[in-house]
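Here is a short briefing to read beside the structure. Keep the 3D view open as you go.

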Amino acid sequence: MQANDLLHLAEQFGSPLYVYDAEKIQSQYNRLTKAFSKVPNLRINYAMKALSNVAILQLLRDMGSGLDTVSIQEVLLGLHAGYAPEKIFYTPNGVSLEEIEEVHALGVQINIDNLSILEQFGAKHPHVPVCIRINPHVMAGGNANISVGHIDSKFGISVHQLPHLVRIVENTDMNIVGIHMHTGSDILDIEVFLYAAEILFDAAKNFKNLEFLDFGSGFKVPYKKDDIATDIDELGKKLSKRFNAFCAEYGKDLTLIFEPGKFLVSEAGFFLAKVNVVKQTTSTVFAGVDSGFNHLIRPMLYGSQHHIENISNPKGKERFYSVVGYICETDTFATNRRISEIKEGDILSFRNAGAYCFSMSSNYNSRYKPAEVLWMNGQGYLIRAHEKFEDLLQNQIPLPTEVAATV
Ligand SMILES: *Cc1c(COP(=O)(O)O)cnc(C)c1O
């Protein structure tokens, strides 16, 4: 996508606006499947919590993707988007037995990540195909908030509890068809990932009826200039070889599953916001935009760096800015960032806005959520409208007048 296309979309649909480039999602999907083309049975389950607009789900479905879900509501959205139940995978954490049973009843593959629920589910529903989530205790990335495989993580069943796990499976006559791990959000070191994979292979040997091994995700994409990304081709080469060797040893062609979110959609997304005010203080120049962490929380939540361009003045002289939002508390998108000269009314474009941006947005400060546009074949399609005042009132119930009168 060109900056000019984005500028036209901002004019056409207004700001703030999310724009997703379908071609980029497709090319990322193809990159991943190509890197693992030597694995006979490969399955990509898009982790829809990254970006859950139904049009995006349908786009990925048409590419052949399955779906990775973390809540029953995501399962229902996936079914609504036309995914067959067997293409949906459910990997919750800390949810009730009842929700897991409901999802199972919909025909969706469940993945259980703690011994308590495993034992309860197995006792009530023997023979049901179940996947188990293992925590291999491998620290994949540097940030403890997005690294979920380490020792203090709430995710997965510790690999050290395997003997207990095996005993529960035997006692309840459960049918374990898959083993899963998801070590965290940043695979920077392929050797570390392969080490975790070995732990999964070892765990897998305890189960006779496996159909698949699910390696989760954690593919890192570049955010800043000079950021290192996961080397997909190298990972593909090394893991495919090792996986195929394991299948030979196991005596069956298992399916290899990945569940990428960020890798598929992050770089396809652009967030466009208009500069309301340029404010010079004694120490910095603020560019205040018509948005805030209610629409894009990652900088405030994780300290994420989204590259920002002034697409209204791409060739302008670069100056230093702090880009801030309109929410009434600290609301900083970027500090001391080099951006081509900003005037009030300019449109700023934030990169890597496809994953965990709209899906984490809220109505804080009673602001409307932005619209979303899918860019396909040189055209922008509105896939979610800007919210309206009625949306803020939806589900709010006024007190009955006689009760209100007693206050
Ligand atoms: C969030 C999540 C993913 C996707 O992670 P990304 O870093 O976006 O690729 C995959 N699997 C599970 C279980 C998740 O919770």
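This is a predicted model: local features need pLDDT of at least 70, side-chain atom pairs count only at pLDDT 80 or more; totals for chains, interfaces and linings use all residues.

**The whole chain**

- The protein chain has 13 helices and 18 strands.
- The C-alpha trace spans about 65 × 65 × 40 Å along its principal axes.
- Of the 407 residues in the protein chain, 52% are buried.
- Take the contacts in the chain between residues at least 6 apart in sequence. Of these, 67% join residues at least 24 apart.

**The ligand and its surroundings**

- The ligand is surrounded by 14 residues.
- The closest are Lys49, Ser217, Glu259, Lys262 and Tyr356.
- Sorted by class, the shell around the ligand holds 6 polar, 5 charged and 3 nonpolar residues.
- Lys49 places a polar side-chain atom 2.7 Å from an oxygen atom of the ligand.
- Glu259 has a polar side-chain atom 2.6 Å from a nitrogen atom of the ligand.
- In the side chain of Tyr356, an N or O atom is 2.5 Å from an oxygen atom of the ligand.
- On its own, the ligand has 390 Å² of accessible area, and the protein covers 94% of it.

**A look at Asn310**

- Asn310 lies in strand E13, which covers residues 308-310.
- Is Asn310 buried or exposed? Its relative accessible area is 2%. Buried means under 20%, so Asn310 counts as buried.
- The side chain of Asn310 makes a polar contact with the side chain of Asp346, at 3.0 Å.
- The Asn310 side chain also reaches the backbone nitrogen of Ser312, at 3.1 Å.
- Which residues does Asn310 contact, leaving aside its neighbours within four places in sequence? They are Ile339, Ser340, Glu341, Ile342, Asp346, Ile347 and Leu348.

Terms used
Residues are numbered from 1 along each chain as its sequence is written. Side-chain values use heavy atoms; hydrogens and water are left out. A residue is near a molecule or strand if one of its heavy atoms lies within 4 Å of it. A polar contact is a pair of N or O atoms within 3.5 Å; within protein, one must be able to donate a hydrogen and the other to accept it, and residues adjacent in sequence count only if both atoms are side-chain atoms. Accessible areas come from the Shrake-Rupley method with a 1.4 Å probe; for residues, only the protein chains shown count as cover. Ala, Val, Leu, Ile, Met, Phe, Trp, Tyr, Cys and Pro count as nonpolar, Asp, Glu, Lys and Arg as charged, and the others, Gly among them, as polar. Helices (H or I, at least four residues) and strands (E, at least two) are DSSP runs, numbered from the N terminus. Buried means under 20% relative accessible area, exposed over 50%, partly exposed in between (1.4 Å probe, protein chains only). Contact means heavy atoms within 4.5 Å.
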